[in-house]
Amino acid sequence: MGAQDVCVKKGPCTCEYSNGTGVDLSPAVKATFYTTQTYELRMAGAEYDLTTYFFHPCFDVTPSVNSTNPGGCNSPLSLCRQTTHFNYNATIQGFLSDGGLYEKMGDTNGSTFSADGKSIIYSNIPSSTIVMLVCAQSEGELNVFSLMDPKKIALAFYSRHACLKVIEESGRSLGSTLLIVFFSCVIFYLVLGICTKKFLMGATGLEVIPNLAFWSDLPNLVRDGWAFAINGFKLPTRSGPVTSPDPNSYDSI
């Protein structure tokens, strides 16, 4: 790759360089979200905030929100953050939560690849979230990379599917190719046959159709073939007197 080579976005989780290599996170997609958590202690440990980040690559999914305050996370998205505040309660000698606050952080419609293809940027004006793509041995693991700028949080997604590989372009299936070849041959056959019969043989009207007698009799041939197959591939019993075939006929062979 050249110094100025850009990884061009081909889909929500796919980008490709000019040499045909790139990043494709499609195999990393799963039914649930990838998650990671951070916490912040307050009041000498009497309070703390637990923050959970949810990430779903490639397409948007609606998360399962267990809260009366779903925020913007009650619709399909790619990134979501849940912040839950806990207070120590001396009566129960434990912590009580506030139920959690959910915030949407981005979806595929607002996602772009960085020029080097090493991260996906999810825009959620006025903030944005960067998901760094790190080539690793795991199938997929989400971690927090930086919380220095609250309006530009950086997460890191570790996966073997974030490694550079050849991007295979989706093409026609074998069936589509065969159909194209078949209809191309039919068109060529008709054009060549019609031109030959019209200009070389002087045919007019329906007579310009090549092998008209065969095509006219094709329904009968199909019917006879179907009856032959239903009869167990046996010739039907002939009615009437049996006569010897003409020695020069096809039946005598």
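A disulfide here is a pair of cysteine sulfur atoms within 2.5 Å. The model is predicted, and the structure holds four such links.

**Stop 1: C73 and C80**

Select C73 and C80. Their sulfur atoms lie 2.1 Å apart, forming a disulfide. The angle about the S-S bond is 110°, and the link of C73 and C80 is right-handed. Colour both residues by accessibility: C73 is buried, with a relative accessible area of 0%, and C80 counts as buried at 1%.

**Stop 2: C7 and C15**

Move to C7 and C15, a disulfide with 2.0 Å between the sulfur atoms. Turn the view along the S-S bond; at 85°, this link is right-handed. Both C7 and C15 are buried.

**Stop 3: C13 and C58**

Next, show C13 and C58, whose sulfur atoms are 2.0 Å apart in another disulfide. The torsion about the S-S bond of C13 and C58 is about 95°, so the disulfide is right-handed. This pair links distant parts of the chain, 45 residues apart: C13 sits in the loop between β1 (8-11) and β2 (14-16), and C58 in the loop between β5 and β6 (79-89). C13 is buried at 3% relative accessible area. C58 has 12% relative accessibility and counts as buried, because the limit for that is under 20%.

Counting bonded cysteines along the chain, the disulfides follow the pattern 1-3, 2-4, 5-6, 7-8. Two further cysteines to select are C185, partly exposed with a relative accessible area of 49%, and C195, partly exposed at 35%.

**Stop 4: the nonpolar cores**

Select L25, F55, L79, V131, L133 and F157. These have the most contacts inside the largest nonpolar core, which has 23 residues. Now show β5 (47-55), β10 (119-124), β11 (127-135) and β13 (152-159), each of which supplies at least two residues of this core. The largest share, three residues, comes from β13.

Centre on L25. Leaving aside neighbours within four places in sequence, L25 is in contact with C13, P57, C58, I120, L133, F157, H161 and A162.

**Stop 5: helix α2**

Finish at helix α2, residues 212-230. At 1.5 Å a residue, the 19 residues of α2 should span 27 Å, and the end C-alpha atoms are 28 Å apart, which agrees. Where does α2 bend? Select L218: the bend there is about 45°, and a proline, P219, follows within four residues. After α2 comes G232, whose phi is positive, near 75°.

Key
Residues numbered from 1 in each chain as written. Predicted model: local features only at pLDDT ≥ 70, side-chain atom pairs only at ≥ 80, totals over all residues. Heavy atoms only, no water. Expected span 1.5 Å × (residues − 1). Bend = angle between axes of the 7 residues up to and from the residue. Core = buried A, V, L, I, M, F, W, Y, C linked by side-chain atoms within 4.5 Å. Buried < 20%, exposed > 50% of the residue type's maximum accessible area, 1.4 Å probe, protein only. Contact = heavy atoms within 4.5 Å.
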